[in-house]
Amino acid sequence: MTTVRDATFDLFRRHGMTTIFGNPGSTELGMLADFPADFRYVLGLQEAVAVGMADGFAQASGTVGHVNLHTAPGVGNGVGAIFNARANKAPLLVTAGQQARSLITMQANLTNRAAVEVPKPFVKWSYEPPRAADVPYALAQAIHQAALPPSGPAFVSIPMDDWEVELDRVDFASHVARDVSARTRPGSAQIEALALRLRKAERPLLVAGPEIDASGGWDAAVALAERQRLAVWASPATGGNRLGFPEDHPAFQGILPPAVGPLGEVLAAYDLVLVAGSSVFPYYPNIPGEFLQEPTELIAITSDPDEAARAPMGDAIVADVGLTLAALVEALGEDSGRMPPAPRDPAPAAADETPLAPGAACATLAALFPADGIVVLESPSSTPALRNQLRLSRPGSYYFSAGGGLGFGLAAALGVQLAQPERQVVCVLGEGSAQYAITAFWTAQAYSIPVKFLVLRNNEYSILKWFSALEEVTGAPGLDLPHLDVAATARSYGVPADTVGGREELHEALAGAFAADGPRLVQVDVAPGMALV
Ligand SMILES: Cc1ncc(C[n+]2csc(CCOP(=O)(O)OP(=O)(O)O)c2C)c(N)n1
């Protein structure tokens, strides 16, 4: 005989899911009892942190991530981060405890009355098994749901008295040992038709989206661009939770602007736009204009049927992005003979002023950035400057919140570092953004997670002031952040931290942080305002 708990942990083992992020309560202790030695539990002190860490871990580890939350309030606290995970397409199992089955009907304390409803808009699948014996089966389904394209969070609510229940083999054996995969390639006729359109194009463009990296299609995207002499733009930063193309490559032209009008103007220079692994498009803010001007044509490749269906223009192919790009490379053969696109200009050097321009801070980071480093970014008004100065060029080097809910950056950086212990994670944060996951500093020191944090402090919600100007809003309150000291807070949680001013001081402090073991934080004062370079 086996218990629900044993069968569940066997299921997790089989899927390589031996890291569990969470914040426990009395309703989760049954699951955590006699915690197996081959598993690791990573404690987040608030649920947004636990979910954010699991999101980063899921994206960077190649496994389904797992976060365990405390019944209704825990899931409630985590919902903003679950929203982000959905936008990031992070394959994520979210579990939560529930009151004992015999007490649910009387709505005893801690009963989650609508357990399945609470996370619903933001998860792919939400379930509470009707019998204890169904818990492993429900979890197996949730894991498959989370991993199948488009990957995303799936939720299971588990009554607290289920874990000790004994199972008959017949109740669980068949679902533990199942592989389910759905990486599909378009048919050869579809590939040929796409190859023909590319061959005929005079000024073809590849828009590189986050799903290229997630599907392992990086090399295929580079080969396609090089052989076909494609100009390459990154999909707008608003939805670009990962990079799809090396940003120091001569074919790379820049990051598409996110608003309809300006984006349409960039596309107008091309006759065929191939969008790989992005929605069409993560538009924001609302600057009207032409979506696509004749005679430009657009074709999107995405594994997400919803993205394909809701695109306002162009054709779409629903298939695995990496496999489709590889098939296209094969079908198109060697060189297209086209003229290569002109390379874009190097990023201009930012002036050495006080306070430092955000671009100068990013350039200082770039000078020290480890060759195999990974950036997790949440510093809204410096996003373009960082992408311009750093020009990351390796797969799996960049994570950003496609959902835009703050709190992702600090938390996810820890999850990414746990998933990629051989690579150095650098987390670049605004001092405002850091507050939404501030307790993650405790987890960083408690588990010796050696993330290096760079906080760009400008004493305001700069991006919101930029939006105010764009929306012609004057007199909005709540946009200033005087006296916020992230370094002092990080130190209070046990993370060594410095505050610096000029470029040389920053260089020295960052070099010291990179040379040190364990987590380190450098806070630098920067000039407010949207920084493009
Ligand atoms: C959960 C959540 N709440 C509020 C916002 C709105 N918001 C977007 S950017 C921003 C300011 C971020 O400030 P900071 O990190 O200091 O960066 P800066 O704008 O100064 O670059 C806020 C509050 C959000 N995106 N997510």
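**Ground rules.** The model is predicted, so I kept in mind that local features need pLDDT of at least 70 and side-chain atom pairs count only at pLDDT 80 or more, while totals for chains, interfaces and linings use all residues. Residues are numbered from 1 along each chain as its sequence is written, and side-chain values use heavy atoms, with hydrogens and water left out.

**Entry 1: who surrounds the ligand.** I looked up the shell and found 16 residues around the ligand, where a residue counts as near if one of its heavy atoms lies within 4 Å. The closest are Ser381, Gly404, Ser433, Asn458 and Ile463. Sorted by class, the shell holds six nonpolar, eight polar and two charged residues. Here Ala, Val, Leu, Ile, Met, Phe, Trp, Tyr, Cys and Pro are nonpolar, Asp, Glu, Lys and Arg are charged, and the others, Gly among them, are polar.

**Entry 2: polar contacts.** Next I checked pairs of N or O atoms within 3.5 Å. The side chain of Ser381 places an N or O atom 2.6 Å from an oxygen atom of the ligand. For Glu431, a polar side-chain atom is 3.2 Å from a ligand oxygen. Glu460 uses its backbone instead: an N or O atom there lies 2.9 Å from an oxygen atom of the ligand. I then looked at cover: the ligand alone exposes 580 Å², and the protein buries 77% of that (Shrake-Rupley method, 1.4 Å probe). Helix 17 (431-434) and helix 19 (462-470) are the elements that give two or more residues to the shell; helices are DSSP runs of H or I with at least four residues, numbered from the N terminus.

**Entry 3: helix pairs.** I moved on to axes, which are lines fitted to C-alpha atoms over the stretch in contact, with angles from 0 to 180 degrees between N-to-C directions.

- Helix 14 (residues 358-368) and helix 21 (residues 503-515) have axes that come within 10 Å and cross at roughly 40°. They are therefore oblique to each other (under 35 degrees is roughly parallel, over 145 roughly antiparallel, 65 to 115 roughly perpendicular, and the rest oblique).
- Helix 10 (residues 218-228) and helix 13 (residues 321-332) come within 8 Å, axis to axis, at roughly 30°, which makes helix 10 roughly parallel to helix 13. I noted a left-handed crossing for helix 10 and helix 13.

Definitions and conventions:
A polar contact is a pair of N or O atoms within 3.5 Å; within protein, one must be able to donate a hydrogen and the other to accept it, and residues adjacent in sequence count only if both atoms are side-chain atoms. A crossing is left-handed if the near helix is turned anticlockwise from the far one by less than a right angle, and right-handed if clockwise.
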